[in-house]
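Keep the sequence and the structure at hand while you follow the steps.

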Amino acid sequence: MPDQHPRIIKPTRRETIIGASAALGSLVVGPDFSRAAECILSSTQIDGPYHIQDAENRRDVRSGKPGVDLVLRMKIVDAEGCEAISGVRTEIWSCDALGNYSGHPDVDPNVPPGSGGSVRPPGGGRGAPTGGPRPPRAGGRRPGGFRGGRREPTGPKRFLRGSQVANDQGEAEFLTIYPGWYNPRAVHVHVKVHLGGQELLTTQLYFPDDLTDSIHQTEPYKERYPTPFPNSKDRVKYWTTGGEEPIGVIPTMTTEGNTQVGTLTIGVKRA
């Protein structure tokens, strides 16, 4: 029986119909989805600047990247009828242990996009975070349109990206690594859900701060420890919740050997 991590992030208050699926996920332990007692439409969040189309169909997305193994076990359900959706395609992407996204080797993870200095200097130099997060402009926008503005990929690598088609029970599983951090984001994994060529949901997964703190003291994360962006300082919150804590899908975290396991049920609305 896996050991359950003792602390789960509480979701932010929101409209009843749209909220993080923590209430659902908190009833789930390990890979057992049968204990989920209710369905909640998972909150929508921006896909951010680093999404790349046509993710490869694969379970293991690590591509040799070092870090603590993270298994994400997802069940996709219809939020209205609580029925599992078979054949739905779930896509994930995240940064590596040092904050880098595949396909974007020119981006410096220490500098927020759109700040005028987010391109890595010649030679790929890496330094300490420069000045920390800046306050958003009126209306929640950052300089340079970081509010979801997409960057075109500049490199061929596609690590820590992939998609899976759910089985008849609406379940899909990914093997990735626990993400690092980059300016100005808390640790997260991006998720998209598609069905029949239509996008049903874009959201993000968040993780307990104390779990992140523990993992980020180990190799290869520790050269950038500690993260200056715990969940309470995540900049996406300004765009989605009016300055409250970030919302997204909250996995239930367990440990199986040396592997972290996040189990979650995602509620979507079919067209």
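A salt bridge is counted here when a side-chain nitrogen of Lys or Arg lies within 4 Å of a carboxyl oxygen of Asp or Glu. The model is a predicted one, and by this rule the count comes to 13 salt bridges.

**Exercise 1.** Determine how K192 and D47 meet, and decide whether each of the two residues is buried or exposed.

Step 1. Locating the partners shows that the pair links distant parts of the chain, since K192 belongs to strand β6 (residues 188-195) while D47 sits in the loop between α1 (22-25) and β2 (69-78), 145 residues apart.

Step 2. Buried means under 20% relative accessible area; K192 has 3% relative accessibility and therefore counts as buried, and D47, at 14%, also counts as buried.

**Exercise 2.** Work out which parts of the chain are tied together by R59 and E173, and how accessible the two residues are.

Step 1. A salt bridge joins the side chains of R59 and E173, at 2.8 Å from N to O.

Step 2. Because R59 lies in the loop between α1 and β2, and E173 in strand β5 (residues 171-177), the pair ties together parts that are 114 residues apart in sequence.

Step 3. R59 has a relative accessible area of 35% and is partly exposed, and E173, at 24% relative accessibility, counts as partly exposed too.

**Exercise 3.** Assign an accessibility class to each partner of the salt bridge between K222 and E219.

Step 1. The side chains of K222 and E219 meet in a salt bridge with an N to O distance of 3.7 Å.

Step 2. The exposed class begins over 50%, so K222, at 46% relative accessibility, counts as partly exposed, whereas E219, at 55%, counts as exposed.

**Exercise 4.** Describe how strands β8 and β9 are joined, and what happens between them.

Step 1. Strand β8 (residues 252-256) and strand β9 (residues 259-268) run antiparallel and are joined by five bridges.

Step 2. Where the pairing is followed residue by residue, E256 stands opposite T259 in β9.

Step 3. The hairpin of β8 and β9 has two residues between its strands, and G257 there takes a positive phi near 65°.

Key:
Residues are numbered from 1 along each chain as its sequence is written. This is a predicted model: local features need pLDDT of at least 70, side-chain atom pairs count only at pLDDT 80 or more; totals for chains, interfaces and linings use all residues. Side-chain values use heavy atoms; hydrogens and water are left out. Two strands pair if DSSP finds at least two bridges between them. Helices (H or I, at least four residues) and strands (E, at least two) are DSSP runs, numbered from the N terminus. Buried means under 20% relative accessible area, exposed over 50%, partly exposed in between (1.4 Å probe, protein chains only).
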